[in-house]
Amino acid sequence: MKRMILALLLLVALPSLAGPISQISWLEGRWEMDVPDGFIEETWLAPRGNSMIGVSRTVRADSLRGFETIIVRETAEGLQLEARPSTQPPGTFDSVTVTDSLVVFENPAHDFPQRITYQRVGADSLAAWIEGEYEGEQARVDFGYRRAPEGE
């Protein structure tokens, strides 16, 4: 009887064993947004090896203005985001919220931002923002992405 109860408990727990990285699989794909005289695009690979890898670039007037590589890893404590922007040293942020439509990462000791958020708005829309203290005041930068058409 104990074995049957244990087996039943394991079957019930199996979906949660997949871990939180599967909860943010909605990030997968290519996202883009227009900015004056250019665009920003961010591409995320599917979850594999308990991680997701993203890359972003900002292009203005046919010139690369910035880029970033992003790695989200599943750890024993939750998800951890490592951002490597072209304009500043790498930073690591720990997840504080992970749902099927929202993920929030924080690092209170980071210069700016201290918080990185991604929110699924629909099948073809993604809101992202960075926020925190900047030069003694609260600041926030919003990114309103749409899913990029396939083949482009």
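The largest pocket holds about 750 Å³ of space. Of the 33 residues lining this pocket, Ser56, Glu68, Pro85, Ile130 and Phe143 are the closest to its centre. The model is a predicted one. A search of the whole structure returns eleven salt bridges.

**Lining of the largest pocket**

- Eight strands each give at least two residues to the lining: E2 (38-44), E3, E4 (63-75), E5 (78-85), E6 (91-98), E8 (115-122), E9 and E10 (137-147).
- Strand E4 makes the largest contribution, with five residues.
- Sorted by class, the lining has 19 nonpolar residues, nine polar ones and five charged ones.

**Serine 56**

- Serine 56 is part of strand E3, which covers residues 51-60.
- Its relative accessibility is 10%, so serine 56 counts as buried, the limit being under 20%.
- Serine 56 is also among the residues closest to the centre of the largest pocket.
- The serine 56 side chain comes to 3.3 Å from the backbone oxygen of glutamate 41.
- Beyond four places in sequence, serine 56 touches Ile40, Glu41, Glu42, Gly66, Phe67 and Glu68.
- One of these contacts, Glu68, is likewise listed among the residues closest to the pocket centre.

**Glutamate 133**

- Glutamate 133 sits in strand E9, residues 125-134.
- With 44% relative accessibility, glutamate 133 is classed as partly exposed.
- Histidine 110 is 23 residues away from glutamate 133 along the chain, and their C-alpha atoms are 9.6 Å apart.

**Salt bridge: aspartate 34 and arginine 146**

- The side chains of aspartate 34 and arginine 146 form a salt bridge, at 3.4 Å from N to O.
- Aspartate 34 belongs to strand E1 (residues 29-35) and arginine 146 to strand E10, so this pair ties together parts 112 residues apart in sequence.
- Aspartate 34 is exposed, at 53% relative accessible area.
- Arginine 146 is partly exposed, at 34%.
- Both residues belong to a network of salt bridges that links Arg30, Glu32, Asp34, Glu41, Arg57 and Arg146.

**Salt bridge: arginine 73 and glutamate 82**

- Arginine 73 and glutamate 82 meet through their side chains in a salt bridge, 3.0 Å from N to O.
- Arginine 73 has a relative accessible area of 35% and is partly exposed.
- Glutamate 82, at 15% relative accessibility, counts as buried.

**Salt bridge: arginine 147 and aspartate 124**

- In the salt bridge between arginine 147 and aspartate 124, the closest N and O atoms are 3.6 Å apart.
- Arginine 147 lies in strand E10 and aspartate 124 in the loop between E8 and E9, so the pair ties together parts 23 residues apart in sequence.
- Arginine 147 is partly exposed, with a relative accessible area of 31%.
- Aspartate 124 is partly exposed as well, at 48% relative accessibility.

Notes
Residues numbered from 1 in each chain as written. Predicted model: local features only at pLDDT ≥ 70, side-chain atom pairs only at ≥ 80, totals over all residues. Heavy atoms only, no water. Helix = DSSP H or I, 4+ residues; strand = E, 2+ residues; numbered from the N terminus. Buried < 20%, exposed > 50% of the residue type's maximum accessible area, 1.4 Å probe, protein only. Polar contact = N/O pair within 3.5 Å; in protein donor to acceptor, adjacent residues only side chain to side chain. Contact = heavy atoms within 4.5 Å. 1 Å grid on protein atoms, 1.4 Å probe; cavity = no way out; pocket = protein on both sides within 12 Å on 5 of 7 lines; lining within 4 Å. Points joined across faces, edges and corners; volume = space filled by probe spheres on them. Nonpolar A, V, L, I, M, F, W, Y, C, P; charged D, E, K, R; others polar. Salt bridge = Lys/Arg side-chain N within 4 Å of Asp/Glu carboxyl O.
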